[in-house]
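Please keep the sequence and the structure open while you read.

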Amino acid sequence: MADEQERQIKHWNLFSVPGTRTELALPCRTGDRLLYLKDAAGWKTGAGFAAAFGVEENNLSFQVTPLGIESVRRMDDHWVVALKDSCGVDLPAGAAVVENRSGNHGIFVVLRRKVPDEWMELKGVITPKQWWPGAAFARVVVLPRRAADTTLLLDDLALREIQ
């Protein structure tokens, strides 16, 4: 999916770890790998986590660090979060920050059917509840599970808005 400006929305641009919204205790500069936060008690470590700036939980943000949080530790009256890579943004102390997580990057309609030897109609429905907040565009991808010697042919692929 992509926003109005056709910027790709990745899972970690949007989906937060519940209860992790806090503020920067100290400013963050583009090359910093350490974030100083007021409260990071609920933050997790791992390759699938990032810090998103300027938003509440589960709100779209493109001010997001690269994936990878190496450590989270308490230090005096604040917390230190060590990132795998530099944060990539300049923000003042007091800026909102939340921990986001990676995951699947789209809406999936799973049709568990064996690819047949003859033409077959397959249908799927995507409902408004499945669209991510801030999404304005989507790309359609067909990913067949098939044997190596099978060819999948598509004819009359149609996308229709159902009212």
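The points below go from the whole chain to single residues.

1. Basis. This is a predicted model, in which local features need pLDDT of at least 70, side-chain atom pairs count only at pLDDT 80 or more, and totals for chains, interfaces and linings use all residues. Residues are numbered from 1 along each chain as its sequence is written, and side-chain values use heavy atoms, with hydrogens and water left out.

2. Elements. The protein has six strands and zero helices. Read from the N terminus, the order is β-β-β-β-β-β. Both kinds of element are DSSP runs, numbered from the N terminus: helices are H or I with at least four residues, strands are E with at least two.

3. Overall dimensions. The radius of gyration is 21 Å, whereas a compact globule of 163 residues would have one near 15 Å. That radius is taken over C-alpha atoms, and the globule rule is 2.2 Å times the number of residues to the power 0.38. Along the principal axes, the C-alpha trace spans about 70 × 35 × 25 Å.

4. Surface and burial. The protein exposes about 11100 Å², and carbon and sulfur atoms supply 49% of that area. Areas come from the Shrake-Rupley method with a 1.4 Å probe; for residues, only the protein chains shown count as cover. Of the 163 residues, 29% count as buried. Buried means under 20% relative accessible area, exposed means over 50%, and partly exposed lies in between (1.4 Å probe, protein chains only).

5. Contacts. Take the contacts between residues at least 6 apart in sequence: 69% of them join residues at least 24 apart. A contact means heavy atoms within 4.5 Å.

6. The aromatic pair. How many aromatic pairs does the structure hold? It holds one. Phe15 and Trp132 form this pair, edge-to-face, at 5.0 Å centre to centre with 85 degrees between the planes. Phe15 and Trp132 are both buried. On the cut-offs, rings of Phe, Tyr and Trp (its six-membered ring) pair if their centres lie within 6.5 Å; planes under 30 degrees apart count as stacked, over 60 as edge-to-face and the rest as tilted.

7. Positive phi. Asn58 is a residue other than glycine, yet its phi is positive, near 60 degrees. Asn58 sits in the loop between strand E3 (49–53) and strand E4 (69–75). Asn58 counts as partly exposed because its relative accessibility is 38%. Asp76, also not a glycine, has a positive phi of about 55 degrees. Asp76 is in the loop between E4 and strand E5 (78–83). At 67% relative accessibility, Asp76 counts as exposed.

8. Gly68. Is Gly68 buried or exposed? Gly68 counts as buried because its relative accessibility is 4%. Gly68 lies in the loop between E3 and E4. Leaving out residues up to four places away in sequence, Gly68 touches Gly46, Ala47, Phe49, Leu83 and Lys84. From Gly68 to His105 is 37 residues in sequence and 17 Å in space, C-alpha to C-alpha.

9. Ala158. Ala158 belongs to the segment after E6. With 37% relative accessibility, Ala158 counts as partly exposed. Ala158 and Ala93 are 65 residues apart along the chain, and 50 Å separates their C-alpha atoms.
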